[in-house]
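Here is a short briefing on one protein chain and its ligand. Please look over the sequence and structure before reading on.

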Amino acid sequence: MAEHGQGHGHHGHGGQMTPEQQMQMIQQDIRLAKNLGQIKHKIVVMSGKGGVGKSTVAANIAETLQAMGYKTGILDADIHGPNVPKMLGIEMLEEEFNQYQFDKFKELVEAGLDTSLPEEEQREYIENQRKEYQHSIFPVTTASGLKVMSMAFLIDALDRPIIWRGPQKTGAIKQLVSDCHWGKLDFLIIDNPPGTGDEPLTVLQTIPEADLVLMVTTPNVVSQEDVLKCVKMVEMMNIKNIGLIENMAYYICPHCNEKLNIFGEGNGEKFAEEMEITYLGDLPIEEKVSDAPNKEGTISVLDPSDEVSKRFVEIIEDIKKEFLE
Ligand SMILES: Nc1ncnc2c1ncn2[C@@H]1O[C@H](COP(=O)(O)OP(=O)(O)OP(=O)(O)O)[C@@H](O)[C@H]1O
Ligand SMILES: [Mg+2]
């Protein structure tokens, strides 16, 4: 990662870059366009606030889409707290990930290699493939076929500690977006880090043609103020489709099944109205949803009959109706 991590938000083309750096930047932009061009719909999940359930929402939506038969990928763009793989039950550390990269490349080459050709031509073919894919990062695939890429796979990366150095973070994020080899996808879900700072902004700038931003909030007011800032930032990026999901909005008593609106009712809906964005529904707080250790995936996969899993199906149907048809 990160040969071209220099610059801090303003590495536009030109400026003080050497011709070689400019060339690298242009090539990266080409790879970006090529990789993103194969993806039909891009949905960014974000919130001005941390800990409101962005990753939970992103992971569940991705798995639900995949289960519905859509080819889906999820990009965990949170470089400080990349916990999507954990939520999906597919943790992999750097060494294993590197092996996986090698295996994927080998698979690709073997699939295209004509072994009846003279040895020299075969070698040339392999060399060309190596050049073609030298920047590619192959996403990890879950049992259900969901493709996943996360900084978590690069942890312990002794040759890439640069991803944790301040200014170069934006370069690392950009590279993750531009070089991930998703192939053809119906949906890519991007889990954005919290806030309105450099990192979430870089993600939005790198994926300017996002079809939809899903804002996640909790019912409390402080969280809503932060989300409002975030909505304004997204609107400044000229993204018009914004939907709000209110997470941890109510609690269902496990004994009597009564719905308890601990923080009052209809906060999310009111809030969406005020901000003039689309309200997509609320989700209860539920022990089964939390990412307690030793869970092998999200609630949507583990228990499709659960209230929350059903809500995600409804939310996706609404998203399709509201934004994608
Ligand atoms: N509806 C829910 N019911 C119960 N637990 C939940 C629910 N939604 C999220 N959680 C739990 O709350 C915690 C925070 O959720 P999550 O990590 O998805 O938030 P986040 O917004 O992505 O956080 P961060 O800002 O750190 O990236 C997690 O432990 C998650 O399992
Ligand atoms: Mg998160």
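**Ligand shell and fold**

Sorted by class, the shell around ligand 1 holds 6 nonpolar, 10 polar and 4 charged residues. The model is predicted.

**Around ligand 1**
- The shell counts 20 residues, and Gly50, Gly53, Lys54, Ser55 and Thr56 come nearest to ligand 1.
- Three elements each give at least two residues to this shell: helix 2 (54-67), strand 7 (242-252) and strand 9 (278-285).
- Helix 2 provides the largest share, with 3 residues.

**Helix 6 against helix 7**
- Helix 6 spans residues 169-179 and helix 7 spans residues 198-206.
- They pack at an angle of about 35 degrees, and their axes lie 9 Å apart.
- Their crossing is right-handed.
- On the helix 6 side, the contact uses Lys169, Thr170, Ile173, Lys174 and Val177.
- Helix 7 meets them with Asp198, Glu199, Thr202, Val203 and Thr206.
- By class, this contact has 3 nonpolar, 3 polar and 4 charged residues.

**The whole chain**
- The protein chain has 11 helices and 9 strands.
- Its radius of gyration is 21 Å, close to the 20 Å that the globule rule gives for 325 residues, so the chain is as compact as a globular protein of that length.
- Along the principal axes, the C-alpha atoms fill a box of roughly 75 × 45 × 40 Å.
- Buried residues account for 40% of the 325 residues.
- Of the contacts between residues at least 6 apart in sequence, 79% join residues at least 24 apart.

Methods
Residues are numbered from 1 along each chain as its sequence is written. Chains are lettered from A and ligands numbered from 1 in the order in which they are written. This is a predicted model: local features need pLDDT of at least 70, side-chain atom pairs count only at pLDDT 80 or more; totals for chains, interfaces and linings use all residues. Axes are lines fitted to C-alpha atoms, for helices over the stretch in contact, and angles run from 0 to 180 degrees between N-to-C directions. Helices (H or I, at least four residues) and strands (E, at least two) are DSSP runs, numbered from the N terminus. A crossing is left-handed if the near helix is turned anticlockwise from the far one by less than a right angle, and right-handed if clockwise. Two residues are in contact if their C-beta atoms, placed from the backbone, lie within 7 Å. Ala, Val, Leu, Ile, Met, Phe, Trp, Tyr, Cys and Pro count as nonpolar, Asp, Glu, Lys and Arg as charged, and the others, Gly among them, as polar. A residue is near a molecule or strand if its C-beta atom, placed from the backbone, lies within 6 Å of it. The radius of gyration is taken over C-alpha atoms; the globule rule is 2.2 Å times the number of residues to the power 0.38. A residue is buried if 20 or more other C-beta atoms lie within 10 Å of its own, exposed if 12 or fewer, and partly exposed in between; C-beta atoms are placed from the backbone.
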